[in-house]
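Hello,

Here is the structure you will be working with. My notes on what was found follow below it.

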2 protein chains.
Amino acid sequence: MIFETELRRVAEDGYHDKHPFHVLLNSGALSRTQVQAWALNRYCFQNAAPQKDAILISRSAGRDFRREWTLRLLDHDGFGQDDGGVERWLTLTTALGLDRDYVVSTTGALPKTLQTIDAYLEFVRNAPFVAAVATTLTELFAAKLHRERFSAMLGSYSFIDPEALTYFKKRLTHAPRDASYALEFVISNAKTAALQQACVDAVAYKCRMLWDLLDALNDAYVIGPSPSGVFNPDK
Amino acid sequence: MIFETELRRVAEDGYHDKHPFHVLLNSGALSRTQVQAWALNRYCFQNAAPQKDAILISRSAGRDFRREWTLRLLDHDGFGQDDGGVERWLTLTTALGLDRDYVVSTTGALPKTLQTIDAYLEFVRNAPFVAAVATTLTELFAAKLHRERFSAMLGSYSFIDPEALTYFKKRLTHAPRDASYALEFVISNAKTAALQQACVDAVAYKCRMLWDLLDALNDAYVIGPSPSGVFNPDK
């Protein structure tokens, strides 16, 4: 299918694993402060994920979609004995030596991180519904890559132990299940050429958005200097 | 507490069990068509409930709130073997002889029903967050009343069997749990006089909104005539 091929091409072309900051992260070339800054800013994105998913649920009059998508909320925020992905991300930030309340407060995050995430939620709120769903497809095409890189990357830092990495282990099972439902939904619901284009554009937008988050980290913590007020123990 | 007393007073004063249509419904005075019209229009409200709850989840950066509120989504849309409240409402409409797809399509619903529900979702999206949460408090103060009335009412119609009423049985356990969490949240988060007033106003708005839904039914199916195109087998 041309539509699916195009979605895949855009997602693969734009995927943020090619970003300079990600390459540094993967290769073990970052300092402890730089990895901390990444984990702290990425927390904001992790914590916005259930908000984004709830927006999608709120936009659907279809029980089947809502019911399926609610599984993502359970993954992010936990259910019963499971603490959920947001909490597992905090295991990582705590293992990196960051204060839990400080991370949750997001006061140390880069303004550009917060702005980019707000704009993303706004996009998901306002785009044609099927295109809003399509923003989640980046996961499908890059999941394998993503997971391999993370294991490699995190293996390169002596200050990270395997305990801290439960987040990534859990994603191995959740991400493929989520992404295949989303792909099927997008393909069967984007029935016009205009909607298909909107979906392709939405995937491109999502890639750029993830890229922008890494730009912000690169600008502040690799090129420097970081804006005043944000996390920076080296200053 | 003055705040809690005021919330309770407004909710009790405005509660829609005093609406003429509700009084007719409770007393067994409605025709089969009128009860069908009520169930069909009320379906739109039931199906909007998970959308409203998802809006609230999407507006919260706090995992604990989201995690607690997600239980409502599971109640509405089901989880695992449980079909959920929306599906149980369809058991009622089916028992009343309405075609399932017709009900789900909402094409037979009153325009005023749909407009009123859209405006409600808009309110929940845009009101101060704690006031948006406060709209759900009607449940707390009126739950007992509500449940007693429904049993009485539904007992008065020979065309409704107990099987059709599972929806109401389930609400007996869910509603009190939900409402006490919401009340605690509102009381501890509405910290200024302005926010407390916004919460009281939100409860009043919600009562009016439920009242408006019954006005629409009364206008179309008791006073008449019903607008063209909507459900009306007697026409």
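Between chain B and chain A there are 20 residue pairs in polar contact, counting pairs with both residues at pLDDT 80 or more; the model is a predicted one. On chain B, the elements that give two or more residues to the side touching chain A are α3 (32–58), α4 (63–77) and α5 (85–95). Of these, α4(B) gives the most, with eight residues. By type, that side of chain B divides into ten nonpolar, seven polar and eight charged residues.

The contact takes 25 residues from chain B and 25 residues from chain A. The two chains bury about 2,100 Å² between them, 50% of it on carbon and sulfur atoms. There are four salt bridges between chain B and chain A. One of them joins B:R66 to A:D77, with the closest N and O atoms 2.7 Å apart.

Next, the aromatic rings. The structure holds 22 aromatic pairs over all chains. Among them is the tilted pair of A:F65 and A:F185, at 4.9 Å centre to centre and 50° between the planes. This pair links distant parts of the chain: A:F65 lies in helix α4 (residues 63–77) of chain A and A:F185 in helix α10 (residues 166–189) of chain A, 120 residues apart. A:F65 is buried, because its relative accessible area is 5%, and A:F185 is buried at 14%.

Another pair, A:F79 with B:F79, has ring centres 5.1 Å apart and planes at 80°, so it is edge-to-face. This pair crosses between chains, from the loop between α4 and α5 of chain A to the loop between α4 and α5 of chain B.

Regards

Terms used:
Residues numbered from 1 in each chain as written. Chains lettered and ligands numbered in written order. Predicted model: local features only at pLDDT ≥ 70, side-chain atom pairs only at ≥ 80, totals over all residues. Heavy atoms only, no water. Contact = heavy atoms within 4.5 Å. Buried area = accessible area lost by both parts, 1.4 Å probe. Salt bridge = Lys/Arg side-chain N within 4 Å of Asp/Glu carboxyl O. Polar contact = N/O pair within 3.5 Å; in protein donor to acceptor, adjacent residues only side chain to side chain. Helix = DSSP H or I, 4+ residues; strand = E, 2+ residues; numbered from the N terminus. Nonpolar A, V, L, I, M, F, W, Y, C, P; charged D, E, K, R; others polar. Phe/Tyr/Trp six-rings, centres within 6.5 Å; stacked < 30°, edge-to-face > 60°. Buried < 20%, exposed > 50% of the residue type's maximum accessible area, 1.4 Å probe, protein only.
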